[in-house]
Amino acid sequence: MNEIIIDASVAEKRFAVKEDGLVTTLFIEQPTDRSDVGNIYLGRVESVRPGMNAAFINIGTKKNGFLQKDQIPAFIHSTSETKNIKPISHFLKEGEKILVQIKKDETGTKGPLLTAIIEFTSSNIVYMPEGKYISVSKKLEEEKRNTWRNLIVKKRCGQEGFIIRTAVINSSEEEISQEIAALRSEYMQLKTLANTRKAPAILVEMSNFTEELRHELSRLQSGTVFSNTRNVIEPLRLTNSSNWSFQFHHQRENIFSKHQLETELEKAQRQMIYLDDGAYIVINETEAAVVIDVNTGKFTGKQLAADTIRKTNLAALHEIARQLRIRDYGGIILVDFINMKSIRDRNKVQETFVTALKTDPKHIRVVGFTPLGIFELTRKRTKQSLSDTTQTECAVCRGSGKVDSPETIAFRLERELHGLPRGEFEAVLVECDNITRSTFAGENNRDLKRIEESLHMKILFKVINNGKYEYYLRQFDTVENIQAKLTGENR
């Protein structure tokens, strides 16, 4: 049984995926860190670097985007036998205008990674007007793959490219024809819009939250969606198959709390994860890689030490595979399993781990055990990890650890206030640090006014400084009584 739980009642939007009762995905999007992946821009070529076989494209953001030679349509379409050794300047000129799409958000000092092979996505198809190639999901049977490939070849025009998704198995030829026509129309509208704009300019802005939701609906095929906002659930109901049922959460209790997801979110931010048998794993996220250490803990087993080690590693790898998805780690991942002397045990762990990783929707490349006995893999990074989204460097420990960010604390306060009975109190006194108060109130107190109007309650603050981001609900009373208390304390 699959479940998707959506919490979009405040500016911070969240959803979780449960597969057979187990949480496999936690997605959080805050207004300040929304992903730009999928956005389409009319860019201008700022500089061409033959030594890097790449170009820097001005798309109107703080940092120029990075475009590699093999992501340029002119290179893709070239029939020259020597195109691979020709410099990028043969295919792209400085000052030239070009349509580009973000493949990967900017990270650190690096600007966003771009492609000029624009993609338009529907439930069954990824359409690339300049893509040139046709690919069919490997999850389909070979006969079905050939049938769909032949169909798309007949419908293809010019240099078009298509990726046929797994969901196509439930669709008819007529439905696919309609999708292709709609995607072509979308591309023509984009070209018309580009002709009316000056570079740099954003032409299409994607909603990553909605796109991720649609991806999960398409991947899982069926189940139940729970949402506490109708403006999110209704579009999903209209555009997805009847295999999904949709339920509106109208209770005052926060939807994540009702489904025991706040606890799961808190666990996903811990460094140490305990397993059922007393063993545990320790996860360290560094700038260069994610390092995971497996320990036996209290688990000693009843057989020989080798048996204990194998069982601990097998138990740990399933939780590691799940945590990679929940925390959305990307880049290099190193797992230090407990050392196994038996080649058979090592092969068993590797085979089982590879099988467990196959359920991950992100692309994973398994390297395997290195000569030092460390298991190495890479996982595609398309956005910030869960900890980067919800946490920030601690001002007290100067970066040696992390605490919840003021944005996370402010949204937590807003959710708690929304969960209070309406109309029982005229005002509430909140004690919090100044940064959390400013974050909660917003620019010119815009968000504070909005929340007060929604709650029909005045929110008064007392600023405290304990060296961390926090809040406390101290008093519910009339405005007059709370202000009198604050005045008395300030004398």
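Contact here means that heavy atoms lie within 4.5 Å. Keep that in mind as you work through these exercises on a predicted model.

**Exercise 1. Explore the largest nonpolar core.**

Which residues have the most contacts inside the largest nonpolar core, and which elements give two or more residues to this core?

*Solution.* 
- Step 1: The largest nonpolar core contains 29 residues, and I292, I320, V335, F337, F353 and L377 have the most contacts inside it.
- Step 2: The elements giving two or more residues to this core are β17 (280-285), β18 (290-295), α8 (305-327), β19 (331-336), α9 (343-357), β20 (364-369) and β21 (375-379).
- Step 3: Helix α8 provides the largest share, 7 residues.
- Step 4: Now zoom in on L377. Leaving out residues up to four places away in sequence, L377 touches several residues, among them L324, V335, F353 and V367.
- Step 5: A separate, second core has 24 residues, including L42, W148, L151 and I176.

**Exercise 2. Classify a ring pair.**

How are the planes of F425 and F476 arranged: stacked, edge-to-face or tilted?

*Solution.* 
- Step 1: The model has 16 aromatic pairs. In the pair F425 and F476, the ring centres are 4.8 Å apart and the planes meet at 40°.
- Step 2: Planes under 30 degrees apart count as stacked and those over 60 as edge-to-face; at 40°, this pair is therefore tilted.
- Step 3: This pair links distant parts of the chain, 51 residues apart: F425 is in the loop between α11 (406-418) and β24 (427-432), while F476 is in strand β26 (residues 471-477).
- Step 4: F425 is partly exposed, at 32% relative accessibility, and F476 is also partly exposed, at 30%.

**Exercise 3. Look for other ring partners.**

Which residues form a cluster linked by ring pairs, and which ring does R230 lie over?

*Solution.* 
- Step 1: F120, Y127, F162 and Y187 are linked into a cluster by ring pairs.
- Step 2: R230 lies over the face of F248, 3.9 Å from the ring centre.

Methods. Residues are numbered from 1 along each chain as its sequence is written. This is a predicted model: local features need pLDDT of at least 70, side-chain atom pairs count only at pLDDT 80 or more; totals for chains, interfaces and linings use all residues. Side-chain values use heavy atoms; hydrogens and water are left out. A nonpolar core is a set of buried Ala, Val, Leu, Ile, Met, Phe, Trp, Tyr and Cys residues joined through side-chain atoms within 4.5 Å. Buried means under 20% relative accessible area, exposed over 50%, partly exposed in between (1.4 Å probe, protein chains only). Helices (H or I, at least four residues) and strands (E, at least two) are DSSP runs, numbered from the N terminus. Rings of Phe, Tyr and Trp (its six-membered ring) pair if their centres lie within 6.5 Å; planes under 30 degrees apart count as stacked, over 60 as edge-to-face and the rest as tilted. A charge sits over a ring if NZ of Lys or CZ of Arg is within 6 Å of the ring centre and within 35 degrees of the ring normal.
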